[in-house]
Amino acid sequence: MKCLKVFDKVICTADEVIAAIALLAMCFIVFIAVILRSAGVPFSISDELSRYLMIWCIYVGVAVATREKAHVGVDVLVQMLPKGIQKVLNIVVSFITLGVFAWLFYLTGSWVWSSMQGNIQLTPLMKVPFYTVYISLPIGFGLSIVEQIKNMVKDIMGKDEETKEEVAE
């Protein structure tokens, strides 16, 4: 069990670090590109590189948002229901979300796999294979599946409520 907690901590740290580094690098590249452009020096790959870093930031960030339960949701009607029905409805929604993540993981994984076969497409300016950008999608959705399962276990076991009560005390 301790090994599983260490593995979980490594994954949690890694996805947050990857998303943060991608965001910081993107901001830095755009900042440098603006300065160079105003000085009349073109930095031609800045647009392409910042776009690909944003894609990595977004799709790895999906897992972070899943862990934090930070995805957009409308719960006005759910809050009006009795607590027992709320818990059941939240579990049903969690299974649906898990199914969507699994479906997206399968679709994007197939897409990346097919992009790695045969004639490999390269990005226009940097000349790196497109699958280096595309692979962020199944990685993000795969990590989201893991995080969603962890959230579901916490919800079903009632651990979220215990930690909220402990914080309130």
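These legends describe close-up views of a predicted model.

**View 1. Arg67 and Glu16 join two helices.**
The side chains of Arg67 and Glu16 form a salt bridge, with N and O 2.8 Å apart. Arg67 belongs to helix α2, residues 46-67, while Glu16 belongs to helix α1, residues 2-38. The pair therefore ties together parts that lie 51 residues apart in sequence. The cut-off for buried is under 20%. Glu16 is partly exposed, with a relative accessible area of 38%.

**View 2. Arg67 also pairs with Glu147.**
Arg67 forms a salt bridge with Glu147 as well. Here the closest N and O atoms are 3.3 Å apart. Which helices does this pair tie together? Arg67 lies in helix α2, and Glu147 lies in helix α6, residues 136-157. Glu147 is buried, with a relative accessible area of 1%.

**View 3. Glu147 and Lys150 pair within helix α6.**
Glu147 forms a salt bridge with Lys150. Their closest N and O atoms are 3.0 Å apart. The two residues sit three places apart in helix α6, so about one helical turn separates them. Both Glu147 and Lys150 are buried.

**View 4. Salt bridges link five residues in a network.**
Which residues make up this network? They are Asp15, Glu16, Arg67, Glu147 and Lys150. Arg67 meets Glu16 and also Glu147. Glu147 in turn meets Lys150. Across the whole structure, a search finds six salt bridges.

**View 5. Seven residues form the largest nonpolar core.**
In soluble globular proteins, nonpolar side chains tend to be buried together. In this model, the largest nonpolar core holds Val62, Leu98, Phe101, Leu137, Phe141, Ile145 and Met152.

**View 6. Phe101 and the residues it touches.**
Phe101 is one of the seven residues of the largest nonpolar core. What does Phe101 touch, leaving aside residues up to four places away in sequence? Its contacts are Val62, Thr66, His71, Phe141, Ser144, Ile145 and Gln148. Among them, Val62, Phe141 and Ile145 also belong to the core.

How values were computed:
Residues numbered from 1 in each chain as written. Predicted model: local features only at pLDDT ≥ 70, side-chain atom pairs only at ≥ 80, totals over all residues. Heavy atoms only, no water. Salt bridge = Lys/Arg side-chain N within 4 Å of Asp/Glu carboxyl O. Helix = DSSP H or I, 4+ residues; strand = E, 2+ residues; numbered from the N terminus. Buried < 20%, exposed > 50% of the residue type's maximum accessible area, 1.4 Å probe, protein only. Core = buried A, V, L, I, M, F, W, Y, C linked by side-chain atoms within 4.5 Å. Contact = heavy atoms within 4.5 Å.
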